[in-house]
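Reader: I have two chains on the screen and would like to work through them step by step. Please show me the sequence and the structure before I ask anything.

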Amino acid sequence: MAITKVGASDATNSGAATSLNRSRTATVIGNVIVIASTCGVRTNAATISDTQGNVWADCNPDQDDATLGVRVHSWYCHAKNTTATTITVASNNSSGFMSMVLDEFTGTHLTAALDQHAEAPVGSTGADPVSPAITLGADNCVVWCRIGANANPAPALIDGTTGTQGADTGSNDETEYRVLTGRRGASVTAAWTMLSAGYTLFVASFKPPLLNPTGPFPTSRPDLP
Amino acid sequence: MAVVTILTNALRDSLTSPVFAVPGGGPRHIQLRMTSPTYGADPALSFALQVDQSLDGGAHWEHWFGVTSQGGSAGQVFRGVVSDGLADVTASFDGAARQIRAVITVNTPFVWGLTGEVLAT
């Protein structure tokens, strides 16, 4: 089964907040839910939790961007249930701008879907942002990317082809994704065209289950006498 | 859709708002905004805003999204915009018509109100 995005993507932001939350009901156990946040107060890193006890891991680690005045982070989990859960991102700071964007994918590896990730350096500027390249470790991945900027960018080119918009706050932060065919070992970027000078940018790939592993078979079995 | 006053700016305590009908349509955002003459300047004030939704005309309600906020952040600048310190929550939805209501909890009574708007983008 190919990886597909399921359900509506969620986006929430607020001009002043200490935490944001959003209810989500995964369609299939093991689906990947990926969330990115932006905080305008940078004193502490944001944290994530939910009422269902999903295990959240870093997708793109905390990035404290003093130049742009934001702190950004993304996480993912494998949905442990198909009942509603309330997911909360806490800024752990005094009240300030906050956003969270959420996408859900099915058909991914059920327990270890994260393949690669990369982050644009702090203080990145330029009218046409391009993510650092990631080298895909598996065929048929979904490449997910998230940009934070002071403008709504045009759709991203992911591995050279226009992606599909995921979550969109309507003003500052949005995600795009594209499900690739093959491409294991390929160097892949996400590229935007927009009019803003400063941006934060994440890219990550999630892999499908390895049902038919390819590659050389071992010529010996060192685990056997 | 024009800004609709859900609760007038003369309240002080925790309460559940009247129902606000969100029409169906294409992808949309909804913006809920707290209003207050004092909140932005007083760091001792705080509130939690939980938004419930109903997709069956009000027979069943479920949590949709929410925000917590602490007062006193008026004047903060983010991406060149000066904040008034009030929560103005913008949330996306899938375009399906629904009813919503807000449950507001305040730690200390203060004068506040609530507006709602369905945005075109």
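Reader: How many salt bridges does the rule find across the interface of chain B and chain A?
Author: This is a predicted model, in which local features need pLDDT of at least 70 and side-chain atom pairs count only at pLDDT 80 or more, while totals for chains, interfaces and linings use all residues. Residues are numbered from 1 along each chain as its sequence is written, chains are lettered from A and ligands numbered from 1 in the order in which they are written, and side-chain values use heavy atoms, with hydrogens and water left out. A salt bridge is a side-chain nitrogen of Lys or Arg within 4 Å of a carboxyl oxygen of Asp or Glu. Across the interface of chain B and chain A, the number found by this rule is 0.

Reader: Which strand of chain B gives the most residues to the side that touches chain A?
Author: Strands are DSSP runs of E with at least two residues, numbered from the N terminus. Two elements of chain B give two or more residues to this side, namely strand 6 (62-70) and strand 9 (88-93). The one that gives the most, with 8 residues, is strand 6 of chain B.

Reader: How many polar residues does the side of chain B that touches chain A have?
Author: Ala, Val, Leu, Ile, Met, Phe, Trp, Tyr, Cys and Pro count as nonpolar, Asp, Glu, Lys and Arg as charged, and the others, Gly among them, as polar. On this side of chain B there are 9 nonpolar and 3 charged residues, and the polar ones number 13.

Reader: What area is buried between chain B and chain A?
Author: With contact taken as heavy atoms within 4.5 Å, 25 residues of chain B are in contact with 33 residues of chain A. Buried area is the accessible area (1.4 Å probe) that two parts lose on being put together, summed over both. Carbon and sulfur atoms give 43% of the area here, and the whole is about 2000 Å².

Reader: Which residue of chain B is the bridge partner of A:Leu20?
Author: Two strands pair if DSSP finds at least two bridges between them. Strand 3 (residues 19-24) of chain A and strand 6 of chain B run antiparallel and are joined by 4 bridges. Within this pairing A:Asn21 stands opposite B:Gly66, and the partner of A:Leu20 is B:Val67.

Reader: Which residue of chain B stands opposite B:Val67?
Author: Strand 6 of chain B also pairs inside its own chain, with strand 5 (residues 46-54), in the antiparallel sense over 8 bridges. There, the residue opposite B:Val67 is B:Leu49.

Reader: Which residue of strand 8 of chain A stands opposite A:Arg22?
Author: Strand 3 of chain A pairs with strand 8 (residues 85-90) of chain A over 6 antiparallel bridges. Strand 8 of chain A also pairs with strand 5 of chain A, over 4 bridges in the antiparallel sense. In strand 8, one residue stands opposite A:Asp50, and the residue opposite A:Arg22 is A:Ile87.

Reader: Why does one side of strand 10 and of strand 15 of chain A lack a neighbour in the sheet?
Author: Chain A has an open sheet of 5 strands in the order 10-19-12-16-15, with antiparallel pairing. Strand 10 (114-119) and strand 15 (164-168) stand at the edges, so one side of each has no neighbour in the sheet, as each has a single partner strand.

Reader: Which residue is the bridge partner of A:Cys145?
Author: Strand 12 (residues 142-149) and strand 19 (residues 199-206) of chain A pair over 8 bridges in the antiparallel sense. In strand 19, the partner of A:Cys145 is A:Val203.

Reader: How far apart are the closest N and O atoms of A:Arg42 and A:Asp64?
Author: A:Arg42 lies in the loop between strand 4 (32-39) and strand 5 (47-50) of chain A and A:Asp64 in strand 6 (residues 57-65) of chain A, so the pair ties together parts 22 residues apart in sequence. These two residues form a salt bridge, and their closest N and O atoms are apart by 2.6 Å.
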